[in-house]
Amino acid sequence: NGSLHQFRILKIIGILGILVSTFLLTTSMKFPGVLALIPVFSTVLLLYCGQDDRSKLNLLNSKTMRFFGDISYSWYLWHWPLIVFLPRIFPNIGFTKPFAALLSLVPAYFSFRFIEQRFRTEVATRSNNTAAISVFAIAPLFLSLLIVSGRADFIKTGLLPKLEKSF
């Protein structure tokens, strides 16, 4: 089938584009800019071709990839506060940013499970969802405000002395 063959070729081009972007784009290059088109169009190709893939080995439809796709928005929301926050708490450890990115999978999963899924599958009732929504919706905002306000060192020095000096 010519159509299936074309999808496979486009999928290979998409995978190669993402690999090239991953390994060849460096911090010294001007990014984002025209170079951002490489990973963007490569991803579009993969998503487009993944819709009609009848191959037996379809990585995009694996349970693992679907799991990461499902929690990707929550992971997106949680990873930056932790990537910024943890190196300030542990400044002498070199791998805090990758660790923070992996650690953010935990609150991302719970946010997905107890907030996103509830809104998708049932009508949110006040008695069942208020606590979960409060914790998982406000926590990233609170962490970000602490970082921006310069109060992110409260774990080392304690929160109360900082607050007392503010008044």
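Analyst: Here is a walk through the aromatic rings, then the nonpolar core and the chain as a whole. This is a predicted model: local features need pLDDT of at least 70, side-chain atom pairs count only at pLDDT 80 or more, and totals for chains, interfaces and linings use all residues. Residues are numbered from 1 along each chain as its sequence is written, and side-chain values use heavy atoms, with hydrogens and water left out.

Start with the rings. Searching the whole structure gives 6 aromatic pairs. Rings of Phe, Tyr and Trp (its six-membered ring) count as a pair if their centres lie within 6.5 Å; planes under 30 degrees apart are stacked, over 60 edge-to-face, and the rest tilted. Phe 68 and Trp 75 make a tilted pair, because their planes meet at 40°, with ring centres 5.8 Å apart. Tyr 109 and Phe 110 pair edge-to-face, at 75° between the planes and 5.4 Å centre to centre.

How do these rings stand towards solvent? Here buried means under 20% relative accessible area, exposed means over 50%, and partly exposed lies in between (1.4 Å probe, protein chains only). Phe 68 is partly exposed at 30%. Trp 75 is partly exposed too, at 25%. In the other pair, Tyr 109 has 33% relative accessibility and counts as partly exposed. Phe 110 is partly exposed at 34%.

Now the core. A nonpolar core is a set of buried Ala, Val, Leu, Ile, Met, Phe, Trp, Tyr and Cys residues joined through side-chain atoms within 4.5 Å. The largest one has 9 residues, among them Trp 78, Phe 85, Ala 108 and Leu 143. Helix H3, residues 63-89, gives the most to this core, with 6 residues. Leu 143 is in contact (heavy atoms within 4.5 Å) with Trp 78, Pro 81 and Phe 85, leaving aside neighbours within four places in sequence.

Last, the whole chain. The protein chain has 8 helices and 0 strands; these are DSSP runs numbered from the N terminus (helices H or I, at least four residues; strands E, at least two). Buried residues make up 25% of its 167 residues. Of the contacts between residues at least 6 apart in sequence, 64% join residues at least 24 apart. The chain exposes about 12,100 Å², and carbon and sulfur atoms supply 70% of that. Accessible areas come from the Shrake-Rupley method with a 1.4 Å probe; for residues, only the protein chains shown count as cover.
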